[in-house]
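Here is a short briefing on one protein chain. Look at the sequence and the structure first, then read on.

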Amino acid sequence: MAIPQPAIPFIAPVYEVVRPEDQPVAEFRLPALLGGEAAFASPLHVGRPNLGDRARLQVRIDAMLDSRWFSNGGPMVEEFERRICDYIGAKHCVATCNGTTALMLAIRGLELKGEVIVPSFTFVATAHALQWQQTKPVFCDIDPATHNLDPASVEALITPETTGIIGVHLWGRPCDTGALEELAERHGLKLLFDASHAFGCSRAGQFVGCFGDAEVFSFHATKFLNAFEGGAVVTNNDELAQKLRLMRNFGFTGYDTVEYLGMNAKMTEVCAAMGLTGLESIDQFIAVNRRNHVAYRTQLAGVPGLQMIPYAMEERNNFQYVILEIDPSISPLTRDELVRVLHADNILARRYFHPGCHRMEPYRTLYPQAGEALSNTEQISERVLALPTGTTIGHREIELVATVIRSAYDCSRRPRKAAAVRTVGCAIRRNVFGPCPRPAFVTAIGNAGAIAAFTSRG
Ligand code: T4K
């Protein structure tokens with residue numbers, strides 16, 4: 001059964017669209033890469049921060065300024081932690097200055113040493129948090145259907161050196177928590193989840209935050225719930241929570257008593273104020289993300305070789321990411337060609353997460369063979385593309401993004417239209433720049449392979 005969603009408030013988009021408000025989006029528009037006018041006058045970003053009620057944020061900030069209490073376990077952080085626990089039904093939340101330090105604390109707190117199994121298909125912070133403390137990330141392949149750790153592949157990588165597993169709930173779609181918990185228990189391993197994308201998401205009706213030994217959230221500006229910068233470790237383990245609280249604050253147990261090796265991983269009061277204010281609007285953020293998701297799905301239905309990753313509608317989802325998967329055996333454009341088309345139109349779609357961590361430094365040098373067992377990761381990281389969404393994006397923007405995509409596909413599939421496009425493109429350029437710079441123009445497209453279809457296949 002689908003979970004009822006709250007009414008969606010009107011939130012004005014902040015992007016300047018070239019098309020006037022009252023004109024319908026044309027079915028076809030000449031891609032800017034071929035000389036058309038850019039669809040957006042200013043960049044349409046992925047990851048624009050959501051903002052809760054500005055007035056309430058201001059009240060909180062004023063209270064903080066008046067109190068002269070800015071950090072080190074202030075009342076805003078305490079309230080933020082309490083509200084996170086209340087929201088997801090977890091026992092402890094240890095708020096931190098960002099998600100990466102939360103991962104680092106959790107890894108140290110759980111005593112993950114030697115080897116830890118982790119996906120390569122994730123943001124590089126997941127791997128860095130291990131390597132930073134001399135723990136070896138053993139890169140594991142994903143299930144291509146879920147983009148998450150494949151439990152069978154995890155089991156094949158367990159050695160006597162393995163101390164733990166870190167699953168990443170990518171795009172907010174939870175890992176197979178049951179299979180991973182069973183595996184961890186059977187092999188005596190610790191299980192941590194990088195839930196940076198998954199605040200507000202559930203699996204089997206249970207909120208993310210309650211799985212494994214601990215879970216880590218990111219409240220970075222680009223996350224749908226943001227604290228400017230911020231993160232948290234959430235756990236039901238009393239002892240671990242106590243340890244993490246000490247580690248977050250240099251190991252202090254009193255004014256001048258240090259009982260533990262610690263660092264400075266504290267969340268500031270102003271960040272907690274932002275997080276608390278966002279939490280009050282979380283239903284609206286999710287509703288807008290969901291609406292955008294549905295709109296993209298409708299607008300992009302039927303584009304050959306292009307799929308949007310779905311969310312399980314019987315669960316809670318934050319719909320934070322709109323992820324396309326482009327199958328190069330069907331699609332007339334590759335993912336990278338489509339990126340060039342979109343960027344030329346000022347739509348700054350991102351190749352999250354390309355390449356896999358194993359192809360980045362220091363992992364490429366340290367573990368040069370890692371890619372051999374990562375065929376799904378290699379394939380999926382060549383196919384994925386994140387589109388702009390969030391509360392700064394409305395139906396108009398989505399319609400226009402979809403039109404740009406459809407038009408580019410249309411050109412590359414229909415030779416006559418492609419020829420027309422080339423002619424129109426050159427005509428426009430001739431009018432603007434003088435004689436058509438065809439060689440450079442064609443080379444720019446052709447050499448890069450971007451919409452090669454417009455030229456060679458046209
Ligand atoms: N694990 C996973 C699975 C993660 O995805 C992340 C973070 C982490 C761990 C670590 O959590 P944190 O330590 O960051 O809390 C961005 C974010 O910086 C990063 O937090 C996030 N994942 C990752 C997926 O995306 P970049 O390098 O792509 O950021 P950047 O600067 O290119 O920004 C992305 C887009 O957002 C840009 O187009 C501009 C826009 N933007 C960004 C900021 C900061 C804004 O419009 N306003 C802003 O204030 O990593």
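Which residues in helix 2 meet which residues in helix 8? On the helix 2 side they are Pro75, Met76, Val77, Glu79, Phe80, Arg83, Ile84 and Tyr87. On the helix 8 side they are Glu269, Ala272, Ala273, Gly275, Leu276 and Leu279. Keep in mind that this is a predicted model. The points below start with the whole chain and then move to single places.

**The whole chain**

- The protein has 458 residues, and 54% of them are buried.
- Its secondary structure comes to 16 helices and 16 strands.
- Take the contacts between residues at least 6 apart in sequence: 71% of these join residues at least 24 apart.
- The accessible surface is about 19700 Å². Carbon and sulfur atoms account for 53% of that surface.

**Helix 2 and helix 8**

- Helix 2 covers residues 75-88, and helix 8 covers residues 269-280.
- Their axes come within 8 Å. They cross at roughly 35 degrees.
- The crossing of helix 2 and helix 8 is left-handed.

- Side chains of opposite charge can pair when their charged atoms come close.
- The protein has 16 salt bridges by the rule used here.
- One of them joins the side chains of arginine 56 and glutamate 280, at 2.7 Å from N to O. This pair links distant parts of the chain. Arginine 56 is in helix 1 (residues 54-67), glutamate 280 is in helix 8, and 224 residues separate them.
- Arginine 56 has 42% relative accessibility, so it counts as partly exposed.
- Glutamate 280 has 37% relative accessibility, so it is partly exposed too.
- The side chain of glutamate 280 also meets that of arginine 60 in a salt bridge, at 2.7 Å from N to O. This pair again links helix 1 to helix 8, with its residues 220 apart.
- Is arginine 60 buried or exposed? Arginine 60 counts as buried, because its relative accessibility is 11% and the cut-off for buried is under 20%.

**A salt-bridge network**

- Arginine 351 and aspartate 336 form a salt bridge through their side chains, at 3.3 Å from N to O. Arginine 351 lies in the loop between strand 15 (347-348) and helix 11 (363-366), while aspartate 336 lies in helix 10 (residues 335-344), so the pair ties together parts that are 15 residues apart in sequence.
- Arginine 351 is partly exposed, with a relative accessible area of 35%. Aspartate 336 is partly exposed as well, at 30% relative accessibility.

**Backbone points to find**

- Most residues other than glycine have a negative phi, and most peptide bonds are trans.
- Histidine 354 and proline 355 are joined by a cis peptide bond, with omega about -10 degrees. Proline 355 sits in the loop between strand 15 and helix 11.
- Glutamate 361 and proline 362 are also joined by a cis peptide bond, with omega about 5 degrees. Proline 362 is in the loop between strand 15 and helix 11.
- Histidine 147 is not a glycine, yet its phi is positive, about 65 degrees. Find it in the loop between strand 4 (136-140) and helix 5 (151-157). Histidine 147 is buried, because its relative accessible area is 2%.
- Phenylalanine 319 is not a glycine either, and its phi is about 50 degrees, a positive value. Look for it in the loop between strand 13 (306-308) and strand 14 (322-326). Phenylalanine 319 is buried, because its relative accessible area is 3%.

- Which residues make the nonpolar surface patch of about 250 Å²? Phe250, Phe252 and Val258 do.
- Phenylalanine 252 belongs to strand 11 (residues 252-254).
- Phenylalanine 252 counts as partly exposed, because its relative accessibility is 33%.

Methods:
Residues are numbered from 1 along each chain as its sequence is written. This is a predicted model: local features need pLDDT of at least 70, side-chain atom pairs count only at pLDDT 80 or more; totals for chains, interfaces and linings use all residues. Side-chain values use heavy atoms; hydrogens and water are left out. Patches are made of residues with over 30% relative accessible area and no salt bridge: like charges are joined within 9 Å, nonpolar side chains (Val, Leu, Ile, Met, Phe, Trp, Tyr) within 5 Å. Accessible areas come from the Shrake-Rupley method with a 1.4 Å probe; for residues, only the protein chains shown count as cover. A salt bridge is a side-chain nitrogen of Lys or Arg within 4 Å of a carboxyl oxygen of Asp or Glu. Helices (H or I, at least four residues) and strands (E, at least two) are DSSP runs, numbered from the N terminus. Buried means under 20% relative accessible area, exposed over 50%, partly exposed in between (1.4 Å probe, protein chains only). Axes are lines fitted to C-alpha atoms, for helices over the stretch in contact, and angles run from 0 to 180 degrees between N-to-C directions. A crossing is left-handed if the near helix is turned anticlockwise from the far one by less than a right angle, and right-handed if clockwise. Contact means heavy atoms within 4.5 Å.
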